[in-house]
Amino acid sequence: MGITPLDFSMITGLAIGQGAPLPYDEVYQNYVTLRTLFPHLNPHDSITSNFQIKCSGIKLAIQKLLTKQPKVHHLEIARLFVLYMMGNLFFTNSSSSLSCGYVAVVEPFSFDGSPTPYDWGTPILAYLYRSL
């Protein structure tokens, strides 16, 4: 017996199959594109050779931005935090890293309080099934 989609929805509160598919774009798998979106993310500490973003590097970037001027960099901090949560909670692996392609999820975010149009439940449940 395993976890069913209904069990997953009841436990997490995430709907399955409602919303647009979670975007993934390989255009972010180069340093130049990542640096334009995240200028404070150090590529030497944060990016692996196979274009994975280390969660420890994201955490360091967030800490540095919070000690500087958090109100000036609030959008970058919010985007980095969402990536950090995706890497540590939703798509966890043994190296605590997240594929650079998932940066496409946070680029259009405005963080104005409106709900995201993405279906988060399906890819998270699929990743959970693959990991079992």
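Contact here means heavy atoms within 4.5 Å. The model is predicted: local features need pLDDT of at least 70, side-chain atom pairs count only at pLDDT 80 or more, and totals for chains, interfaces and linings use all residues. Residues are numbered from 1 along each chain as its sequence is written, and side-chain values use heavy atoms, with hydrogens and water left out.

Histidine 73 sits in the loop between α4 and α5. Helices (H or I, at least four residues) and strands (E, at least two) are DSSP runs, numbered from the N terminus. Histidine 73 is buried, at a relative accessible area of 18%. Buried means under 20% relative accessible area, exposed over 50%, and partly exposed in between (1.4 Å probe, protein chains only). Leaving aside neighbours within four places in sequence, histidine 73 contacts His40 and Leu65.

The axes of α4 (residues 55–67) and α5 (residues 74–90) come within 9 Å and cross at roughly 155°. This makes α4 roughly antiparallel to α5. Axes are lines fitted to C-alpha atoms, for helices over the stretch in contact, and angles run from 0 to 180 degrees between N-to-C directions. Angles under 35 degrees count as roughly parallel, over 145 as roughly antiparallel, 65 to 115 as roughly perpendicular and the rest as oblique. The crossing of α4 and α5 is left-handed, that is, the near helix is turned anticlockwise from the far one by less than a right angle. From α4, the contact uses Cys55, Ile58, Lys59, Ala61, Ile62, Leu65 and Leu66. From α5, Glu76, Ile77, Leu80, Phe81, Leu83, Tyr84, Gly87 and Asn88 take part. By class, the contact of α4 with α5 has 11 nonpolar, two polar and two charged residues. Ala, Val, Leu, Ile, Met, Phe, Trp, Tyr, Cys and Pro count as nonpolar, Asp, Glu, Lys and Arg as charged, and the others, Gly among them, as polar.

The largest nonpolar core has 32 residues. Such a core is a set of buried Ala, Val, Leu, Ile, Met, Phe, Trp, Tyr and Cys residues joined through side-chain atoms within 4.5 Å. Phe38, Leu83, Met86 and Val103 touch the most other members. At least two residues each come from α2 (31–37), α4, α5, α6 (103–106) and α7 (121–131). Helix α5 gives the most, with five residues. Beyond four places in sequence, valine 103 touches Tyr28, Leu34, Leu37, Phe38, Ile53 and Leu83.

Cysteine 100 lies in the loop between β2 and α6. The residue is buried, with a relative accessible area of 0%. Residues up to four places away aside, cysteine 100 touches Tyr28, Gln29, Leu34, Ile47, Phe51, Gln52 and Ile53. Phenylalanine 90 is 10 residues from cysteine 100 in sequence and 15 Å away in space, C-alpha to C-alpha. Serine 99 belongs to strand β2 and counts as buried at 12% relative accessibility. Outside four places in sequence, serine 99 contacts Tyr24, Gln29, Phe51 and Gln52.

Phenylalanine 51 is partly exposed, at 23% relative accessible area.
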